[in-house]
Amino acid sequence: MMKNRTKLWIIMLTSIVFSLILFIWLTTISGNIWNKGYDLNTLNAISQEMLKAIEQQNTYDKDKIQPILDQAHYQHPELRFEWLASDGSMLYDTSGEIQSYDFKQLADRFINLPNNLWDVNKPITLAYSTSKNGQPYYLFLSLSSDAMKQGQVYFFVRTIKALYSWALPLLLSFLVPYMLSLLFFSSVNRRIGKLNQALNLVNIRSDVVVLEDKSKDEIGQLTRHYNSMAQRVRSQADEIEQFENGRKLLLSNLSHDLRTPLTMILGYAETIHTGSYNNENELKTSAKIILQRSRYMDKLLDQLLDIARLDANALEVHLAAHNLSEMMRKIVAEYMLFLDEQSFSIDVDIPDEDIHELIDAPLIERAIRNLLDNAIRYGKDGHFLGIGLVEEGDYVCITIKDKGRGIAPEDHELIFERFYRVDGGRSGEGLGIGLSIVKEIVESHQGHIRLISTPHVETLFMVRLPKNQ
Ligand code: ADP
C-alpha cells in the first residue's frame with residue numbers, strides 16, 4: 001500500500017528527473033532558435049576539411065587554392081578566408097581586399113586570437129598553418145562577432161544575451177515540480193473536502209452517504225473507516241428505533257391485555273360481593289373465572305418482571321448437575337393432570353435412564369414450560385402434544401410438538417424476538433415475550449433452539465443443549 005509520504009517522495013524524484021530532462025531538451029531547442037551562429041567546434045571542423053583538401057594539391061599556388069577557398073566562402077558567406085605565404089604576402093582573400101601583412105600584423109593576429117573571442121566588438125580570426133616543401137603557409141578564417149554564437153550552455157557564455165535562451169527552460173523546469181505538487185495537494189484537498197462534507201451530513205435520521213475511494217493511502221483508509229462508521233451509526237439507529245417501537249407496542253399491548261381480564265375479574269367479583277348469583281354453580285363458575293384471569297395476569301406480570309430483570313443485567317446462570325429425564329417426567333406428569341379434561345392426545349418420549357446435565361434447573365424448566373404453554377395455547381386445535389428427550393452425540397435434545405395452526409415461514413425468525421406476536425396477537429394471548437426468554441435461556445446454556453412448522457401437520461420446537469462431562 002502506498003502512503004502519502006511515499007507518494008511525495010516519488011513525486012519529488014520524478015519531478016527532479018523530469019525537470020532535468022525538460023531543461024536539457026528545452027535549452028537545446030531554445031538554443032537552436034535564439035542562439036544561432038558559428039561556434040569554435042564548427043569553425044575548426046570547416047578549416048580542417050579545407051586543410052585536408054589543400055594538402056591534396058601538389059602545389060600551393062593561388063590558382064590551386066583559390067577554388068577551395070571560394071567554395072568554402074560560397075557555403076559560408078559570413079566567413080572570410082585568407083591564404084598567406086610565410087612572409088606575410090597575401091596569396092588569396094575571399095573578401096577581395098588583397099593586402100600584405102608585415103611581421104607585426106601577422107604576429108598580432110596570432111597573439112590576440114583568444115582575446116578576440118571574448119571581445120564582442122572585434123572580429124574573430126582563427127589561424128591554421130600547413131607546409132609544402134619546407135615552406136610554411138597560413139590559412140586565416142575570420143568572421144564578425146555577430147556571426148558567432150552568443151554563447152554555449154555548459155561551455156561558456158560570451159554575452160549576457162545567452163542567458164535569455166536559458167530563462168524560459170529554467171522557469172519551466174522549476175514550474176514542473178511546483179505544478180505536480182499543486183496537483184497532488186489539490187487532489188488530497190478535494191478528497192478531504194468530500195469526507196468533510198459527508199461527515200457533516202452524518203445524522204441518525206438521514207441516509208448514509210457512501211464515499212468511493214479506492215486508493216490505499218491514509219485518506220482512502222479514512223474514507224473506508226468513515227463508510228463503516230456511517231453504516232454502523234445507521235444500523236444502530238435502526239436498532240434503537242426498532243427497540244423503541246417494541247416498547248411502544250408492549251405498552252399498548254400491556255394496557256389492553258391487563259384491562260380485559262381485570263374488567264372480567266371486577267365484574268365477577270362484584271357478582272359474588274353483592275350476592276347476585278342464582279345458585280352455588282354460578283358462584284363456582286364466577287370464582288373459577290376470577291382465578292383463571294388472575295392467573296393469567298399473574299403470568300403476564302411475571303413475564304414483565306423477567307424482561308425488567310433481563311434489561312437490568314444479563315441472565316445469571318447457576319449451573320448444577322441435574323437429572324434432565326426426571327425433571328421432564330415431573331413436568332409432563334403435571335401437565336397431563338391439567339390437560340386431562342381437554343381432549344389432548346399426549347405423546348411422551350423420555351428415556352428411562354438418567355440423563356445428567358449441568359444446567360440451571362429453574363431456568364430450563366421455565367423454558368420447557370413456556371414451550372409447552374405455547375403448544376397448548378396456540379396449537380390446541382391440533383389436539384396433540386408431543387414431548388421428547390433424546391441424546392444425540394454431543395447434545396441432548398428436547399422437543400415439544402403440536403399439530404395446531406403452526407407458524408408461517410416468514411415469522412420463524414421473528415417470533416424469537418421480544419414483543420413479536422404473529423398477527424399482532426389476539427386478545428388473551430401473551431405479550432410476545434415467552435419465546436425470546438426461552439431463546440435467551442437456551443443460548444445462555446450454549447445451546448440453540450430450532451423451529452420446524454407445517455401448519456396443522458406438525459409444529460416442532462427443538463432445544464439442543466451441549467452435553468457437558
Ligand atoms: P407470548 O408470550 O405472547 O406467547 P411468545 O414469544 O411465546 O409470545 O410467542 C410469540 C408468538 O409465536 C405468539 O404470538 C404465537 O402467535 C406464536 N407461537 C408461539 N408458539 C406457537 C405454536 N406452538 N404454534 C403456533 N404459534 C405459536
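Predicted model: local features only at pLDDT ≥ 70, side-chain atom pairs only at ≥ 80, totals over all residues.
The shell around the ligand counts 20 residues, of which N374, Y378, D402, G432 and L435 come nearest. By residue class, the shell divides into 10 nonpolar, 6 polar and 4 charged residues.

As for the space that holds the ligand, the molecule sits in the largest cavity.

On the side-chain part, R405 places a polar atom 3.3 Å from an oxygen atom of the ligand. On the backbone part, a polar atom of G434 is 3.2 Å from an oxygen atom of the ligand, and a backbone N or O atom of I433 lies 3.4 Å from an oxygen atom of the ligand. Taken on its own, the ligand has 540 Å² of accessible area, and the protein covers 99% of this area.

## Strands β11, β12 and β13

Strand β13 (residues 458-466) pairs with two other strands, β11 and β12. With strand β11 (residues 395-402) β13 runs antiparallel, and 8 bridges join the two; within this pairing, K401 stands opposite L460 in β13. D402, one of the residues that come nearest to the ligand, falls within the residue range of β11.

Strand β12 (residues 448-454) also pairs with β13 in the antiparallel sense, here over 7 bridges, and the bridge partner of H448 in β13 is R464. The two strands β12 and β13 form a hairpin with 3 residues between them, and in its turn H456 has a positive phi of about 65°. In a regular strand, side chains alternate between the two faces of the sheet.

## Strands β1 and β2

Another antiparallel pair is formed by strand β1 (residues 80-85) and strand β2 (residues 90-93), which are joined by 3 bridges. Here E82 stands opposite D93 in β2. The hairpin of β1 and β2 has 4 residues between the strands, and in this hairpin G88 takes a positive phi near 95°.

Methods
Residues numbered from 1 in each chain as written. Heavy atoms only, no water. Near = heavy atom within 4 Å. Polar contact = N/O pair within 3.5 Å; in protein donor to acceptor, adjacent residues only side chain to side chain. Areas by Shrake-Rupley, 256 points an atom, 1.4 Å probe, with all protein chains shown as cover. 1 Å grid on protein atoms, 1.4 Å probe; cavity = no way out; pocket = protein on both sides within 12 Å on 5 of 7 lines; lining within 4 Å. Sits in = over half its atoms within 2 Å of the grid points. Nonpolar A, V, L, I, M, F, W, Y, C, P; charged D, E, K, R; others polar. Pairing = 2+ DSSP bridges.
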